[in-house]
Amino acid sequence: MHDPEKRVSADVAGLAAAIERMAADLAIGEEPAGFVLALDGDAKPAEPRD
Amino acid sequence: MTDWTIQTLARAMAARKISPVEAVQTCLDRIARLDGRVHAFITVDAEGALATARALEDELAAGQSRGPLHGVPLAYKDLCHVPGLPTSCGTKTREYFTSPTECTAVARLRAAGAVTLGKLNMTELAMGPFGDNAHHGDVQNPWKFGHCSGGSSSGSGAAVAAGFALGTLGSDTGGSIRLPAACCGVVGLKPTYGRVSRAGVMPLSWSMDHLGPLTRTVADAALLLEVVAGYDPHDATSSRRGVPYYQRLLESPIGGLRVGVPENFYFDGITPEMDAAVRAAAEILGGLGALVSPIRVPDPRTLTDIGNVISRSESAVLHARLARDRPHELQPAVRARLEIGFHISAHDYLQALRLRSRLAREFIAEVFAEVDALVVPVIPEPAPALETAKSGSVDDVVARMGRFSRLTRPFNVLGLPALTVPCGFSSDRRPLALQIVGRAFDEATTLRLGHAYQQATAWHHEGPPL
């Protein structure tokens, strides 16, 4: 598959299919900002600097 | 001086055993002698570096010190905006990126006394894991010329390995600090997302870009992280969490720390030498008291798909003008990767961002309930030959890029701290490396483990045969 247009179409279709499959049961309340909350929520309290 | 670390040089400087001018001149001489073959630098600022060094020398003579890096020669990936120096971002355009403010991390290093030697070569637009660059020359692996230095912070890895600079900054969107560190046999740290400001740094994917140090030792990486980390009003994504004294925490014993070695994915298809070296490193950590055990981790391939959707969408938006107006200036594989981003729908992009939240939460809950850190390989094989990496069709090259960076990209999607530490050599003397991955904002534990490993081994004392 060396035709650039075909390659792009195939790559995009592959990614879209993967996203559709994984997102099938995403909760309505799931927001992108949940990522930062996930990081901050797991972190141990920082050791304060002097 | 080529086997010195930042810590040993800073101590020698404080004790007046070497002056800032001598240290900078030694680096400049080595760059002048060897970089014509290595291609680690795009811009060497000899005049500026020496002027700064002379000023720092005067300050020392007057009993003043700016901080822990007083007189230490460093260099920065050529996507960091440093006033007075061009920022090509590895493109054909000499000044591709400008910023209203100096790169915050560079400013903090300078404020701590560091001397800027210049700007380092990189893969075009930070897109590619091999370190090739058609405009500024392929960065050669100092351990084995003709082989990849790793990318995209190729010059950042090679400059440290070659002894051109005591430390460097790189950026990491899919492995671009850790891959060159692994290929070049040096330490590289991708901090937690938000730990280090990206202000004044060319963005590739604002959701997954990270900035971090490359050094000879983990202790030096801790030192540089301590200087550059922390909230920055110029970067809305930078965290307000306090910055620990990483250097002080380095010496805490690692006994009792739980270290997981994944049973799935991370060791699939890697070379036997890499496999053996990383497992041997985990055993050494076990010998030092860490509780090493196998663990199953959530399938990283889903993270990779999500990461591709996010990073390609964002990079296409950010670099649309170059891709649309002057596509002939871009290397074919870079152009091909950018092009995909123009065709991803807003729906899929936003779903990917939402999925990222859920998968990060699930990964953190599952994995860190069982362990404090993971030990995995960084690269599936030692640095490949440049000609092999670049050979074949664009499709072949892009697919090869994906395979080579498959062990680092999941941690950009997850935003977790990940540290490359050298752990040996292949039979033909190409560096091998492990990756230590920790909890969010727990760089201290990844650094402790890496430091303990380096204290028990001697790989970091070896240098390339230049």
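Which residue in S6(B) is the bridge partner of B:Ala75? The bridge partner is B:Thr168. The structure here is a predicted model, in which local features need pLDDT of at least 70, side-chain atom pairs count only at pLDDT 80 or more, and totals for chains, interfaces and linings use all residues. Residues are numbered from 1 along each chain as its sequence is written, while chains are lettered from A and ligands numbered from 1 in the order in which they are written.

Begin with the sheet. Helices (H or I, at least four residues) and strands (E, at least two) are DSSP runs, numbered from the N terminus. Two strands pair if DSSP finds at least two bridges between them. In general, strands of a sheet pair through backbone hydrogen bonds, either parallel or antiparallel. In chain B, 11 strands form an open sheet with mixed pairing, in the order S1-S3-S2-S6-S8-S7-S12-S13-S11-S9-S10. Strand S1 (41-44) and strand S10 (291-295) of chain B stand at the edges with a single partner strand each, so one side of each has no neighbour in the sheet. From one strand to the next, the twist averages 30° (axes are lines fitted to C-alpha atoms, for helices over the stretch in contact, and angles run from 0 to 180 degrees between N-to-C directions).

Now look at S6(B), residues 167-172. Strand S2 (residues 73-77) of chain B runs parallel to S6(B) and is joined to it by three bridges. With strand S8 (residues 210-215) of chain B, S6(B) pairs in the antiparallel sense over six bridges; there, B:Asp172 has B:His210 as its bridge partner. Six of the six residues of S6(B) are buried. A residue is buried if 20 or more other C-beta atoms lie within 10 Å of its own, exposed if 12 or fewer, and partly exposed in between, with C-beta atoms placed from the backbone. Both faces of S6(B) are covered, with B:Gly167, B:Leu169 and B:Ser171 on one side and B:Thr168, B:Gly170 and B:Asp172 on the other.

Elsewhere in the sheet, strand S7 (residues 187-190) and strand S12 (residues 418-425) of chain B run antiparallel and are joined by three bridges. B:Leu189 stands opposite B:Leu419 in S12(B).

Next comes a helix, H15 (residues 394-404) of chain B, where B:Val397, B:Met401 and B:Phe404 are buried. Seen down the axis of H15(B), the buried residues fall within an arc of 70°, so they line one face of the helix (the arc is that of the directions from the helix axis to the C-beta atoms). The face turned away from this buried side carries the exposed residues B:Ala399 and B:Arg403. Helix H12 (332-341) and helix H14 (386-390) of chain B are among what covers the buried residues of H15(B).

Chain A has two helices and zero strands, and buried residues make up 16% of its 50 residues. Where does chain A meet chain B? In all, 28 residues of chain A are in contact with 37 residues of chain B (two residues are in contact if their C-beta atoms, placed from the backbone, lie within 7 Å). Helix H1 (4-22) and helix H2 (34-42) of chain A each supply at least two residues of the side that touches chain B. The largest share of that side, 10 residues, comes from H1(A).
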